[in-house]
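Reader: I'm new to this one. Could you take me through the aromatic pairs slowly, with the cut-offs spelled out?

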Amino acid sequence: MGKLNLFGFLREQWTELPISTADVSDQSLVVVGTNVGLGNEATVHLAQLKPKSLVITSRDEVKCELTKADVETRSGMTGIESWPLELSSFDSVRSFVDKFEAKGHAVNVLIANAGISTLKYAKTPDGYETTFQTGTPEHASRLVIVSSMAHYISDSPKGADKWPSIIGTINDEAYCTSSAMKNRYYLSKLLQVMFVRELSSRLPTPTLVAVSAVNPGFCHSRLGREVDSNPFLKLLARTTEMGSRTLVHAAIEPGERERHGHYLSSCKVTEESDYVLSVEGREVSKRLWYETLKILGDVDLRVNKIVSEHLTQDIA
């Protein structure tokens, strides 16, 4: 089963990753969370390859304009569309989808990159803990969800298969003690790996939508902007550009069906954590799937329509 050990961690951190050069001239790409960090560097890589169209997102209009100018200058691509999207707001997500549909856009690749790491409990306007709502995925011929090796070291929500509501419990302020919040980022990444497994198991075979969870490695990033810097960061961390290659590889390189439903690390299929593979972990991920669909279906009825038309019945 999947393990994280020091030797394996160091080997991966110091592995030179490939630069993707696949032809995307007929592809329409969407990258979420592009103003800084991994999303920004991945967007520059993709823009340099001159896709048919490229839609990028940041949290507000000002960041959108700054990011568009930055990416176009660094890549040489023009005509990039930069739209506001705040994942901690269901209204913002709905507005983004409405605009996408109104413009008649198609999408071949969606990189779901945005996320946060915080030690403080706070709720979004929709009533969900911030890390949980921002980091949980919402659809593309390839869907790349940016996960992390952190899922290996998450404190497993043991006994969660017996909780009345898993999301209700981990979203409850009473559950979110300082100890729980220290683990919150790791837990959010564990949930992402579970989400990919559940979604991929319900897509028809052969799938027209290849889904993967990508570990960019331990990178220099502004993700932990509310968390004290790791003193070993400069020694161990990949550059943000190096880490971004993992996102681009999953998004555009051939072999997407072989990667479908898997956790990827250093651009290779890698086994998930012991908890993800355990009997309890499988039951928890199944229940999380249904609880997530219930929440999203109540927020926007289009979710229920997509599920009924494009996903198979429960086979997990």
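Author: Here is a walk through the aromatic pairs. The model is predicted, so local features need pLDDT of at least 70, side-chain atom pairs count only at pLDDT 80 or more, and totals for chains, interfaces and linings use all residues. Residues are numbered from 1 along each chain as its sequence is written, and side-chain values use heavy atoms, with hydrogens and water left out.

Now the rule: rings of Phe, Tyr and Trp (its six-membered ring) pair if their centres lie within 6.5 Å; planes under 30 degrees apart are stacked, over 60 edge-to-face, and the rest tilted. That gives eight aromatic pairs. Take tryptophan 163 and tyrosine 175: their ring centres sit 5.7 Å apart with planes at 70°, so this pair is edge-to-face. The two are twelve residues apart and link distant parts of the chain. Tryptophan 163 is in the loop between β5 (142–146) and α6 (166–171), while tyrosine 175 is in the loop between α6 and α7 (178–182). (Helices are DSSP runs of H or I, at least four residues, and strands are runs of E, at least two, numbered from the N terminus.)

How covered are they? Buried means under 20% relative accessible area, exposed over 50%, and partly exposed in between, using a 1.4 Å probe and protein chains only. Tryptophan 163, at 18%, is buried, whereas tyrosine 175, at 28%, is partly exposed.

Another pair is tyrosine 185 with tyrosine 186: centres 6.3 Å apart, planes at 65°, so edge-to-face. Tyrosine 185 counts as buried at 15%, and tyrosine 186 as partly exposed at 30%. Finally, Trp83, Phe96 and Phe100 form one aromatic cluster.
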